[in-house]
Amino acid sequence: MDRLRATDIKYLKGIGPKRAELLGKNLGIATYRDMIYHFPTSYVDRSTIRRIAEFEGDEMPAVQLKGRFVTFTVQGEGAKTRLVGLFSDGSGTMEVVWFQRIKQLRSIYNTGTEYILFGRPSCFNGRWSMVHPEVDPPGKAVGEGGLRGVYPLTEQLRNRGFSSRTFASAASEILRAAPAIGETLPPHVIARHRLMGLREALCNIHSPSSIAQLDKARLRLKFEELFYLQLDIQRYARRRSAASVGFRFSHIGHFFNNFYTQQLPFPLTGAQKRVIREIRADMGSGRQMNRLLQGDVGSGKTLVALLTMLIALDNGYQACLMAPTEILATQHYETLRSLLAPTGVNVRLLTGSTRAPERRRIDSMLRDGTLHILIGTHAVIEDRVQFKNLGYVVIDEQHRFGVAQRARLWSKNTLAPHVLVMTATPIPRTLAMTVYGDLDVSVIDELPPGRKPIVTLLRYEDNRFATYQGIGRQLRMGRQVYIVYPLISENEKLDLRSLEEGYETIRETFRDYRVAYVHGRMKPEEKEYQMSIFASGEARILVSTTVIEVGVNVPNATTMMIENAERFGLSQLHQLRGRVGRGGEQSYCILMSRRNISGDTRKRLELMTATTDGFAIAEADMQMRGPGDIEGTQQSGIPFELHIANLASDGQIVQMARDAACEILNADPALEAPENLLLRRQLALQASRLQDWSKIS
Ligand code: ADP
Ligand code: MG
């Protein structure tokens, strides 16, 4: 394999320097190894011939056709010159178009001869056509070659004559000529899990000899990818937990007890109690805590943060709570300050707009230790902010914080403080095992009592009037309403206009009520003001973009209408919906959508009306959109790219890989046994992908 890594792709027969450059530029393929690791994304059964008459829609996956060219014409001129062949398969006709090598192709292909075509048909103005298909020489029997891989290709490569066949034959050529493909998994792993050998797997992934062999090849390659990832994560986690000395918060004292017995606004839910116990045990263990707290919107994470911060105070340390936005930080501050008012705990707010005198006061109180709890935005991790003894950091809605920002917490102390990362975005299990594989996880899986589940309704534009009447009824009952518009970053101006128009319509429709208005491009003071008149109840309607997504708490708001709901991901809809249903009243979420939406979109929206279970929604979202788009991972980014495995659909293999990695590390934690030498080498080769993000905490 080392030889393959070192050999430039330009030396491959039929490639050469020019085509090599194209490959590098378009697909990042530079070496022989890159080429054999460029896998097909799907396969077409070569024994199936499709018929033009049966084409549907306006885009089709790659198909195979059998028929004859009726005519060839050269059309257009200059750069637009193209060769167009009218192809008939007896059921219908289709145009086949080439932009390159026109003369050459014109002399190779004949009318009247039977050909097998392979390509992706598309429909334009009611006519089907196919650009740069693969054309098999006459006489080649259908079914020969079994399954054919369909490779990811760019338009430029297609125009330069690259096809799926180019890749399949390049890969076969390399595999045939390579003296030895070094096995990348040790024999004991291969035997234990009955895996296909590497060479055989690579051959079958490019040119499968049967579906069964293809499945085995895929399993082997996916397993290997996930296995090394898990090995990396598990090794890291073990090393860290062995090394991570932390502050020992050994006792519960006055701050906690006093609050718990006298100030607690309501009895804790069972889940809140359990989670607090878990955190307490961690903090008392002498190891540094790194814990992820997952709890659906409204599950009461704030109170957990508060009570556990009091434990830090009881042990003589300061605590800090970070939120991703100024609005959220301010809201946390208001909540905590009023809860703590009778207790003598000193709480302050630090954000980008904190004025200089207050900043100076905060700085000095932080340094002399008289400030107990600091709440703020990322301003709290600026270098100039110095704590006397920061012992505990709570990060709310963690995905808005970049990894680098989190890492900076460290420089504030000799020992790293305990860290609790809170998120309302449920993370599907396979993703959690991978992305947060080294964090301990606590889950609040119970909502406070007395909440009525939010009723979610799917409504279409043509029901808008009736929907407004429903909203009017809520307003007359004294309730408040959110109206949310999507932001589609491609065209901010346009988005803003639809928001402004919506605002005008709402004002005209509900003339008796004051309407607040918030979007991301407003000045912070203006935003703050608009939010505050809604929070106080002066404004009864809030028209906004998704800036209100996280954390905002107005219990009297019972209705949310989400415009263009079809444009949102499920997890995001779920987050938004969590803004209502925070009081004792029945709440409603109205998903307003175009009527003309795809079946998948309709399914997504219908799922929202059917369940309020955040985990079920996150799971479904990942199944439908793939893990890369999952809220909570896209901002921070999944820190590695998977080449062949898919976290959404390969849950079982993730589990299998994790078990395999744990088993090996249990027996040989440092991978020193001779039979594990290869594992160490491979890990070193893939250069830990965890380097950056492992410091999440
Ligand atoms: P989130 O987990 O979304 O951050 P919050 O901490 O904002 O949720 O809590 C949502 C609401 O539930 C708040 O109004 C809070 O006061 C209330 N709440 C929290 N815990 C309880 C409880 N044990 N019983 C009743 N209400 C609670
Ligand atoms: Mg919250």
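Visitor: What makes phenylalanine 510 count as buried?

Guide: In this predicted model, phenylalanine 510 has a relative accessibility of 6%, and since buried means under 20% relative accessible area, phenylalanine 510 counts as buried.

Visitor: Why is the pair of tyrosine 468 and phenylalanine 510 called edge-to-face?

Guide: Two rings pair if their centres lie within 6.5 Å, and planes over 60 degrees apart count as edge-to-face. The ring centres of tyrosine 468 and phenylalanine 510 are 5.8 Å apart and their planes stand at 80°, so the pair is edge-to-face. This pair links distant parts of the chain, with tyrosine 468 in helix 17 (residues 464-476) and phenylalanine 510 in the loop between helix 18 (492-509) and strand 19 (515-518), 42 residues apart.

Visitor: How do you know whether tyrosine 468 is buried or exposed?

Guide: The relative accessible area of tyrosine 468 is 10%, and because the cut-off for buried is under 20%, tyrosine 468 is buried.

Visitor: How many aromatic pairs are there by this rule, and what makes phenylalanine 55 and tryptophan 128 an edge-to-face pair?

Guide: The count comes to 19 aromatic pairs. For phenylalanine 55 and tryptophan 128, the ring centres are 5.0 Å apart and the planes meet at 75°, so that this pair, too, is edge-to-face, given that the label applies to planes over 60 degrees apart. Phenylalanine 55 lies in the loop between strand 1 (42-45) and strand 2 (63-75), and tryptophan 128 in strand 7 (residues 127-131), so the pair ties together parts that are 73 residues apart in sequence. Both phenylalanine 55 and tryptophan 128 are buried.

Visitor: Which residues form one aromatic cluster?

Guide: One such cluster is formed by Phe69, Phe72, Phe87, Trp98, Tyr109 and Tyr115.

Visitor: Why is helix 6 called roughly antiparallel to helix 8?

Guide: The axes of helix 6 (residues 164-177) and helix 8 (residues 198-206) come within 9 Å and cross at roughly 160°. Angles over 145 degrees count as roughly antiparallel, and that makes helix 6 roughly antiparallel to helix 8. Helix 6 passes helix 8 in a left-handed crossing, and the contact is made by Ala168, Ala171, Leu175 and Arg176 of helix 6 and by Arg199, Leu202, Cys203 and His206 of helix 8. These residues divide into 5 nonpolar, 1 polar and 2 charged.

Visitor: What is the crossing of helix 11 with helix 12 like?

Guide: The axes of helix 11 (residues 270-283) and helix 12 come within 10 Å and cross at roughly 30°, and helix 11 passes helix 12 in a right-handed crossing. Where they meet, Gln272, Val275, Ile276, Ile279, Arg280 and Met283 belong to helix 11, while Leu303, Val304, Leu307, Thr308 and Ile311 belong to helix 12. The residues of this contact divide into 8 nonpolar, 2 polar and 1 charged.

Visitor: What makes leucine 303 count as buried?

Guide: Leucine 303, which has its place in helix 12 (residues 301-314), has a relative accessibility of 7%, and as buried means under 20%, leucine 303 counts as buried. Leaving aside neighbours within four places in sequence, leucine 303 is in contact with Leu264, Pro265, Phe266, Leu268, Gln272 and Leu339.

Visitor: Why is alanine 30 called partly exposed?

Guide: Alanine 30 lies in the loop between helix 2 (16-27) and helix 3 (32-36), and its relative accessible area is 39%. Buried would need a value under 20% and exposed one over 50%, so alanine 30, at 39%, is partly exposed. Apart from neighbours within four places in sequence, alanine 30 is in contact with Thr7, Asp8 and Ile9.

Visitor: How do you know whether asparagine 125 and leucine 671 are buried or exposed?

Guide: Asparagine 125, in the loop between strand 6 (121-124) and strand 7, has a relative accessible area of 70% and is therefore exposed, the cut-off being over 50%. Leucine 671, in the loop between helix 23 (651-667) and helix 24 (677-685), has 0% relative accessibility and therefore counts as buried. Neither is a glycine, yet phi is positive in each, about 50° for asparagine 125 and about 55° for leucine 671.

Methods: Residues are numbered from 1 along each chain as its sequence is written. Chains are lettered from A and ligands numbered from 1 in the order in which they are written. This is a predicted model: local features need pLDDT of at least 70, side-chain atom pairs count only at pLDDT 80 or more; totals for chains, interfaces and linings use all residues. Side-chain values use heavy atoms; hydrogens and water are left out. Axes are lines fitted to C-alpha atoms, for helices over the stretch in contact, and angles run from 0 to 180 degrees between N-to-C directions. Helices (H or I, at least four residues) and strands (E, at least two) are DSSP runs, numbered from the N terminus. Angles under 35 degrees count as roughly parallel, over 145 as roughly antiparallel, 65 to 115 as roughly perpendicular and the rest as oblique. A crossing is left-handed if the near helix is turned anticlockwise from the far one by less than a right angle, and right-handed if clockwise. Contact means heavy atoms within 4.5 Å. Ala, Val, Leu, Ile, Met, Phe, Trp, Tyr, Cys and Pro count as nonpolar, Asp, Glu, Lys and Arg as charged, and the others, Gly among them, as polar. Rings of Phe, Tyr and Trp (its six-membered ring) pair if their centres lie within 6.5 Å; planes under 30 degrees apart count as stacked, over 60 as edge-to-face and the rest as tilted. Buried means under 20% relative accessible area, exposed over 50%, partly exposed in between (1.4 Å probe, protein chains only).
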